[in-house]
Amino acid sequence: MNPLSRWFRILCGSVIFLGAFLLFAVEPMAAKRLLPALGGSSAVWITCLVYFQTALLLGYLYAHWLGRSISVQRAEALHISLLVIAGAMLLLIAQPDMSRASGHPLTAIFQVLTLTIGLPFLLLASTSPLLQLWLSRREGAGVPWRLFALSNAGSLLALLLYPVVIEPHLSLSTQRAAWGCGFGLYAILSALIAWQVRGGMRSAPPAHVSAGQSGLKTSRRARLLWFLLPAGAAMQLCAVTSHLSQNIAAIPLLWILPLAVYLLTFIVAFDAPWLYRRWIVVRLLVVFLAALGYMLSKTDVSLPIQASIGFFLTELFFACLFCHAETYALRPANPSESTLFYLLIAAGGAVGSIFIGIGCPLLFDANYDVALTFLVTAALALLVTWDSGWGQRLLWSVGTALLLALVIMLHIVYGRNTLVAVRNFYGCLRVRQSFVPPQAGTIRTLTHGTIEHGTQWFAPDFRRVPTTYYATDSGVGLALRDCCGDHPRMIGVVGLGAGTLAAYGRPGDHLRFYEINPAVLPIAQNLFTYIRESGAQITYALGDARLSLAHEPPQHFDVLAIDAFSGDAIPIHLLTTQAMGVYRRQLGPNGILAFHVSNQYLDLVPVVAALAEAASMQSRVVETPSNASRGEYRATWVLVTNNAAFLAQPRVAAMGRPIPARPSFRIWTDDYSTLLPILQWRRPDQQ
């Protein structure tokens with residue numbers, strides 16, 4: 001290889017790496033900008049991932065069309081023109097008006113992301129397949145498949161750096177400026193490559209003219225597997241990520257580990273295919289599918305968090321390695337089919353993620369995502385190994401049948417002791433009924449995934465007694481009992497759940513609930529009696545609480561309870577200085593903010609304390625132990641107020657303790673937040 005060709009290959013590799021890095025760096029950045037306008041539900045993140053997979057497919061489709069349908073000269077001119085337009089878009093739409101996002105959150109997210117990063121994202125997504133095709137044509141050699149591994153290495157680096165380096169040290173505005181500079185460099189280098197390609201292949205015909213001259217046409221079966229295998233891997237990624245974050249550990253950013261494993265299997269499959277040995281991987285895969293399938297069948301048994309995460313990530317690695325390595329083994333011999341190869345890989349990834357992220361919530365009222373994904377994986381293994389003999393056919397036929405039985409069994413189990421099961425954009429809701437302990441009579445519990453959002457004991461002595469995190473000696477209990485004497489109270493609650501706090505309502509009180517999930521309201525009204533039997537006048541505001549509070553006139557709340565942080569993806573936009581400004585506007589002169597910060601893996605106390613200090617308000621943390629005989633859970637509340645009379649009351653003074661200052665803690669804003677400093681891998685009850 002002459003020095004000029006070596007220089008051009010290095011340039012192409014650098015641009016592919018840079019483009020992939022920018023592609024994965026912009027994903028969390030763009031999604032975080034949506035939270036204050038569209039709410040902090042984890043569904044926002046999932047929908048963003050579906051958008052990115054779809055945009056990736058469009059980028060690969062653009063590369064495929066550019067490489068096959070027009071001449072090199074026209075392709076080069078079009079690509080450079082689009083790079084210029086994309087750069088202009090980043091300059092002209094630097095601060096998009098998020099308040100215009102309207103309609104269903106799904107369409108609003110797609111609309112905003114398309115207007116802000118749509119074209120730049122599409123061009124970045126097209127980089128790897130397009131440059132590989134141009135490089136193979138310029139050198140007159142085969143497709144440099146290892147460059148796809150280099151692309152995934154760039155993506156993996158961005159994925160690992162964002163939560164550890166980028167997010168903790170840079171505000172969103174600084175991230176955007178730095179990303180824009182990176183895209184400018186990418187655009188310049190890409191234009192240089194396009195110009196070099198034009199000069200080096202001025203007379204080269206489009207790909208469709210020479211199709212079939214450099215290799216045999218790939219069979220239809222192989223092309224079908226180019227689509228099906230990546231679809232199975234994408235289903236594995238989305239389903240395992242969802243399962244880990246909702247059913248194993250409610251740890252934000254846990255999605256990084258599955259995505260890192262997913263990208264790693266692409267790197268191994270395309271850069272070191274010699275590491276893949278089918279006979280080893282399929283045997284390990286069947287063991288893990290069987291073991292985890294058995295574990296899923298034991299719905300009332302759970303493993304320690306480290307073991308569960310380890311098992312699922314290991315299964316994900318072998319499943320994705322099988323899918324990606326088998327896809328690589330079927331790669332086309334004809335360079336002109338390379339863009340079609342990547343296009344079908346992207347199409348499979350998009351369809352797999354759309355099925356798990358959007359299709360399953362619409363089709364099923366419970367979460368069967370992992371079981372269905374295991375079933376699809378076994379069926380793909382049967383299809384791929386069909387020619388390996390009767391042993392493999394029998395093994396994977398039996399495995400597929402057993403996993404189908406698992407899906408049916410889960411449907412039966414989920415129906416036991418379940419009064420209602422609902423699934424929508426915001427997640428899975430279930431109301432379970434039991435009769436233990438005996439003194440409780442009938443017990444009903446509302447769960448969102450594995451997170452409990454309210455329990456009611458229906459025995460006469462407990463029917464109107466607040467349980468779980470809302471006991472009379474909890475932080476919110478103190479606030480509601482001691483804030484106003486016998487005067488009627490204005491009470492606001494962010495997060496409806498089972499409506500437990502309505503048990504505190506007295507005649508003359510006005511209680512207003514703010515709830516983002518419309519499916520929660522009929523459940524709280526019909527399956528629990530806290531709301532129906534409350535003495536207070538109760539109203540509701542459906543939609544994101546911060547948006548609702550911002551658009552309402554001042555309510556002059558005596559107590560405003562913020563109860564939205566115990567789930568799997570906390571709404572960070574409810575814990576920023578901008579949100580604090582909204583809350584203060586809604587408080588009465590001596591009002592109390594009660595933040596429920598009970599969380600297994602996040603220490604949110606310093607976050608609230610920093611907000612209180614910035615607002616020149618006092619804060620107290622109230623921690624109460626569990627009491628199984630009364631259905632009371634361990635709870636942590638932070639009370640924020642300037643009501644000196646309330647803070648001086650004996651019960652409040654005895655139970656509420658000041659929060660130690662953390663001078664190094666950086667206050668959260670809509671422009672800056674990071675979970676890294678407050679992560680705690682040991683649960684509070686284990687410390």
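Student: Which residues does Arg 146 touch, not counting residues up to four places away in sequence?

Tutor: This is a predicted model, in which local features need pLDDT of at least 70 and side-chain atom pairs count only at pLDDT 80 or more, while totals for chains, interfaces and linings use all residues. Residues are numbered from 1 along each chain as its sequence is written, and side-chain values use heavy atoms, with hydrogens and water left out. Arg 146 lies in helix 5 (residues 146-169), where helices (H or I, at least four residues) and strands (E, at least two) are DSSP runs numbered from the N terminus. With contact taken as heavy atoms within 4.5 Å, Arg 146 touches Phe 270 and Asp 271.

Student: Does Arg 146 count as buried or exposed?

Tutor: Buried means under 20% relative accessible area, exposed over 50%, and partly exposed in between (1.4 Å probe, protein chains only). Because its relative accessibility is 56%, Arg 146 counts as exposed.

Student: Leaving aside its neighbours within four places in sequence, which residues is Ile 193 in contact with?

Tutor: Ile 193 is one of the residues that touch the most other members of the largest core. Once neighbours within four places in sequence are left aside, the contacts of Ile 193 are Phe 8, Leu 11, Cys 12, Val 15, Leu 131 and Trp 134.

Student: Are helix 9 and helix 13 roughly parallel or roughly antiparallel to each other?

Tutor: Helix 9 (residues 278-297) packs with helix 13 (residues 390-415) at an angle of about 20°, their axes being 11 Å apart. Axes are lines fitted to C-alpha atoms, for helices over the stretch in contact, and angles run from 0 to 180 degrees between N-to-C directions. Angles under 35 degrees count as roughly parallel, over 145 as roughly antiparallel, 65 to 115 as roughly perpendicular and the rest as oblique. Helix 9 and helix 13 are therefore roughly parallel.

Student: How is helix 12 oriented relative to helix 13?

Tutor: Helix 12 (residues 369-384) packs with helix 13 at an angle of about 165°, and their axes are 9 Å apart. This angle is why helix 12 is described, relative to helix 13, as roughly antiparallel.

Student: Which residues of helix 18 are buried?

Tutor: Helix 18 (residues 605-614) has eight of its 10 residues buried, so it is largely enclosed by the rest of the structure. The buried residues pack against helix 17 (577-586), strand 9 (587-596), strand 10 (618-624) and strand 11 (635-641). By name, they are Val 605, Pro 606, Val 607, Val 608, Ala 609, Ala 610, Leu 611 and Ala 612.

Student: What share of the residues of the protein count as buried?

Tutor: The protein has 20 helices and 11 strands. Among contacts between residues at least 6 apart in sequence, 76% join residues at least 24 apart. Of the 687 residues of the protein, the share that count as buried is 58%.

Technical notes
A nonpolar core is a set of buried Ala, Val, Leu, Ile, Met, Phe, Trp, Tyr and Cys residues joined through side-chain atoms within 4.5 Å.
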